[in-house]
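My entries follow in the order I made them.

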Amino acid sequence: MSTPTPSLPGGTWMLGDRTVTRFGYGAMQLAGPWVMGPPADRDGALAVLREAVDRGITHIDTSDAYGPHVTNELIREALHPYPESLLIATKVGADRDAQGGWPTARRPEDLRRQVHQNLRSLGVDTLDLVNMRMGDAEGPQPGSITEAFETLAALQQQGLIRHLGVSNVTAEQVAEARAVAPVVCVQNMYNLAHRHDDGLIEQLAADGIAYVPFFPLGGFSPVQSEALSAVAARSGSTPMSVALAWLLQRAPNILLIPGTSKVAHLRENIVGAGLALSAEDVAALDGIGR
């Protein structure tokens, strides 16, 4: 059985009533191109999942929409029966169409269907954590989350979900969801170049709620990329390593879920996220998104 290990950067965080490693793993890249269909290297996908758990990672992020069904089925094949220490977080709120699009699916009947699909594909009776995904491919959008979150809260009361979170949301939607049921994490795009959630992260940290950023290198301008590369060169590292290390040092409630389909890349990410940034490096990096 794997347990959190000191060799992982960042230590641990309490996600609801579960202790998880702050360095986690995102499974989206295990599916085929455009997150559709099976992986080109199925054995490699299974190997990276097993390596993640062997390394002590106890937080894996997935969704039955990835593939669809592909990543959940890979996780089940690689890791079931799951270690007691492992928390698997999934998402609902979107389906897939034949063109690879992500049409929204947030009606109560849609959400109930998606929860049951996740239960089946992961092979569990209760989902550890379900994130309610809002917004669209462009990011968070205004709109009420209440009905959708009430649907998930009812499923939680039935014992089908242990913890609830939100994804791709505005600060107002976070507050709205918290008025319905406890929220253990917020999952949004956030990185050195996109710091719109700075205030939200501080508020969540004070309330003991995790913040899970995705796309650590997403949306950088050429100038911002040059600044990041300069710090990476100075530290003898890579831009991804610097970006991950900065996130871990940004706030104690930030949990990382970098994805990869390669064991070697997973190992590189683990080492890179542990990079010690100097005060000069942090000052340079803080200037990227401001």
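Entry 1, confidence. I am reading a predicted model. The mean pLDDT of the protein chain is 95, and 98% of its residues reach 70 or more. Residues 1–6 have pLDDT below 50. Beyond near neighbours in sequence, that stretch still has 14 contacts in the model. Where pLDDT is low, the predicted coordinates should not be read in detail. I left those contacts alone.

I looked up where R96 sits and found R96 in the loop between strand 5 (87–92) and helix 3 (108–122). Does the model show R96 as buried or exposed? R96 is buried, yet has no salt bridge.

What does the side chain of R96 reach, then? One of its polar atoms lies 2.8 Å from the backbone oxygen of V35. The side chain of R96 also reaches the backbone oxygen of A65, at 3.1 Å. Leaving out residues up to four places away in sequence, I noted that R96 touches W34, V35 and M36, then A65, Y66, G67 and P68, and also G101, W102 and P103.

I found T21 in strand 2, residues 18–21. T21 counts as buried because its relative accessibility is 1%, under the 20% cut-off. A polar atom of the T21 side chain lies 2.9 Å from the backbone oxygen of F23.

I checked the length of helix 4, residues 146–157. At 1.5 Å a residue, its 12 residues should span 16 Å, and the end C-alpha atoms are 16 Å apart, so the two agree. Which residues of helix 4 are buried? I listed A148, F149, T151, L152, A153, L155 and Q156. What covers them includes strand 5, helix 3, strand 6 (127–133), strand 7 (161–167) and helix 5 (171–178). After helix 4 comes G159, with a positive phi near 90°.

L200 is in helix 6, residues 198–206. I count L200 as buried because its relative accessible area is 8%. Not counting residues up to four places away in sequence, L200 touches A171, V174, V186 and Y211. For A171 I also looked up the C-alpha distance: L200 and A171 are 29 residues apart along the chain, and their C-alpha atoms are separated by 6.6 Å.

Conventions. Residues are numbered from 1 along each chain as its sequence is written. This is a predicted model: local features need pLDDT of at least 70, side-chain atom pairs count only at pLDDT 80 or more; totals for chains, interfaces and linings use all residues. Side-chain values use heavy atoms; hydrogens and water are left out. Helices (H or I, at least four residues) and strands (E, at least two) are DSSP runs, numbered from the N terminus. Buried means under 20% relative accessible area, exposed over 50%, partly exposed in between (1.4 Å probe, protein chains only). Lys and Arg count as positive and Asp and Glu as negative; His and the chain ends are not counted. A salt bridge is a side-chain nitrogen of Lys or Arg within 4 Å of a carboxyl oxygen of Asp or Glu. A polar contact is a pair of N or O atoms within 3.5 Å; within protein, one must be able to donate a hydrogen and the other to accept it, and residues adjacent in sequence count only if both atoms are side-chain atoms. Contact means heavy atoms within 4.5 Å. pLDDT is the predictor's confidence in each residue, from 0 to 100. The expected span of a helix is 1.5 Å times one less than its number of residues.
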